[in-house]
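Welcome! Please have a look at the model first.

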Amino acid sequence: MLRFAEEIILLLLNDDDGRFARVPSWSMDYALSGAVLMDLALENRIDTDLEKLVLVDSAPLDDSLLDPTLADISAGEERNARYWVEHTANRAAEIREEALRRLVDTGILERRDDRFLWVFQSRRYPTVDGKAEREVRLRLMGVLFSDEIPDPRDIVLLCLTDACGILRGILSRRELSNAAERIEQVRKMDLVGQATVQAIQDIEQFVATSVQRHIY
């Protein structure tokens, strides 16, 4: 199963040329930061309330995307979720490169270095196996354009892509307008019984708040 950071990368890569969609760098940074924290919440490593993010379990997950942030939280002082969203966003480039490496290693993407006159110019990541990307997009579209109750992970994916403005990059204006009511409905869904629901909601809220500060 892919981590949220890997799914975000797949959503942002252009199918035609393997380059990233044009979204603000801070948008990607916060999306990747929130992705890592949400995965840690779903793994029952962290929890939050209105005032602080709480370490529940410091045991490493043997996961190269999650363990560095888990170690930071374990070693740091008790802070609120907003602090950890912004702190983890400082590692966004590292998270992005690690997510790309994993996607290449699993055969989902291919790394290509474009050169001109033997000088390195740019790097792109064409899709080799499009099944994973189609599955992520289908899950997202399934949440947006159906009345079924979505899986908790799909709720997280939608909230994260909406909070960070990524939906505006992958949907047309008409699609976004048509889905506006559904987005609001999903954001309010009650995930009673989910041990990590408060962490997910709080982290998503703080990601959205941080993004709004950059927009305005």
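Gly165, which follows helix H7, has a positive phi, near 80°. This is a predicted model, in which local features need pLDDT of at least 70, side-chain atom pairs count only at pLDDT 80 or more, and totals for chains, interfaces and linings use all residues. Residues are numbered from 1 along each chain as its sequence is written, and side-chain values use heavy atoms, with hydrogens and water left out.

**Helix H7**
- H7 covers residues 152-163; helices here are DSSP runs (H or I, at least four residues), numbered from the N terminus.
- At the start of H7, the backbone nitrogen of Arg153 lies within 2.8 Å of a side-chain oxygen of Asp151.
- Among the buried residues of H7 are Arg153, Asp154, Leu157 and Leu158.

**The largest nonpolar core**
- This core (buried Ala, Val, Leu, Ile, Met, Phe, Trp, Tyr and Cys residues joined through side-chain atoms within 4.5 Å) has 56 residues, and Leu140 and Leu158 are among those that touch the most other members.
- Helix H2 (residues 25-42) gives the most to this core, with 10 residues.
- Leaving aside residues up to four places away in sequence, Leu140 touches Leu11, Leu157, Leu158, Thr161, Leu167 and Ile170, where contact means heavy atoms within 4.5 Å.

**Val104**
- Val104 sits in helix H5 (residues 92-105).
- Its relative accessibility is 28%, so Val104 counts as partly exposed (between the 20% limit for buried and the 50% limit for exposed).

How values were computed:
Buried means under 20% relative accessible area, exposed over 50%, partly exposed in between (1.4 Å probe, protein chains only). Helices (H or I, at least four residues) and strands (E, at least two) are DSSP runs, numbered from the N terminus. The expected span of a helix is 1.5 Å times one less than its number of residues. A polar contact is a pair of N or O atoms within 3.5 Å; within protein, one must be able to donate a hydrogen and the other to accept it, and residues adjacent in sequence count only if both atoms are side-chain atoms.
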